[in-house]
Amino acid sequence: MKNIILLATLLFLSTILWGQSSVEIEKRPMNEEMRDAFVLKYDHKGLKEKEVEKQWEKFTKSFGAKAKKDKSTGIYFADDAEINSMSDNTVDIYMKLNTPNDKTRELVVWYDLGGLYLDRDGDKSRVSAGKDWMFSFLGHLNTLEKEELLDAEEDLLKDVKKENKKAEKSVKKIEKKIS
């Protein structure tokens with residue numbers, strides 16, 4: 001019962017937090033050129049940067065792409081992602097993770113639709129699909145974060161139950177001595 005209440009609370013909070021995030025289209029440098037980038041700013045809570053990167057690789061893989069990081073630029077390249085809501089063809093995705101301060105992260109993404117980069121002046125349904133795709137990734141991160149919180153709470157509950165059993169045994173020993 002406690003787990004159900006905790007899960008419901010976490011889902012409610014993730015909805016609030018998700019609602020506070022937004023995707024803006026801003027000019028950002030990519031491979032020495034300024035291009036329109038989709039920028040998702042969000043509170044990163046407890047997830048470490050390495051974990052976010054690992055989840056990025058996992059998430060893009062679910063769209064048929066394999067993400068690899070260019071260590072010199074810090075930009076991930078995911079080749080041939082299948083995002084049907086954005087394009088009938090495959091999409092190449094570039095991503096850079098920035099941490100401007102202790103609480104906020106920026107996920108900066110560029111979509112290459114086959115020689116043409118998705119930009120603010122592009123087809124509105126494709127622009128919307130680009131934003132939605134990033135929110136899907138944020139949802140993926142939120143789910144992971146909630147699972148980690150739930151696991152920690154379950155571990156805590158197990159510890160409390162063990163301590164409770166020990167206390168019950170101690171009470172029974174004392175009761176035996178008294179009677």
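A: In the hairpin of β1 and β2, two residues lie between the strands, and Asn31 takes a positive phi near 50 degrees there. The model is a predicted one, in which local features need pLDDT of at least 70 and side-chain atom pairs count only at pLDDT 80 or more, while totals for chains, interfaces and linings use all residues. Residues are numbered from 1 along each chain as its sequence is written, and side-chain values use heavy atoms, with hydrogens and water left out.

Asn31 belongs to the loop between β1 and β2, and its positive phi occurs in a residue other than glycine. Most residues other than glycine have a negative phi. Asn31 is partly exposed, at a relative accessible area of 48%; on this scale buried means under 20%, exposed over 50% and partly exposed in between, with a 1.4 Å probe and protein chains only.

Helices (H or I, at least four residues) and strands (E, at least two) are DSSP runs, numbered from the N terminus. Across the pair, Arg28 stands opposite Arg35 in β2.

Glu26 and Arg28 meet through their side chains in a salt bridge of 2.7 Å, N to O; the term requires a side-chain nitrogen of Lys or Arg within 4 Å of a carboxyl oxygen of Asp or Glu. Glu26 is partly exposed, with a relative accessible area of 22%, whereas Arg28 is buried at 15%. Arg35, in turn, forms a salt bridge with Glu33, and the closest N and O atoms of that pair are 3.2 Å apart. Glu33 is partly exposed, its relative accessible area being 41%.

Asp36 lies in strand β2 and Arg120 in the loop between β6 (104–112) and α3, so the pair ties together parts that are 84 residues apart in sequence. Asp36 counts as buried, at 6% relative accessibility, while Arg120 is partly exposed at 35%. Salt bridges with shared partners also join Glu26, Arg28, Lys41 and Glu106 into one network. In total, the structure holds nine salt bridges.

The wider setting can now be described. The chain has three helices and six strands, and from the N terminus on its elements run α-β-β-α-β-β-β-β-α. Of its 179 residues, 36% count as buried. Asp80 lies in strand β4, residues 75–81, and counts as partly exposed at 35% relative accessibility.

How values were computed. Two strands pair if DSSP finds at least two bridges between them.
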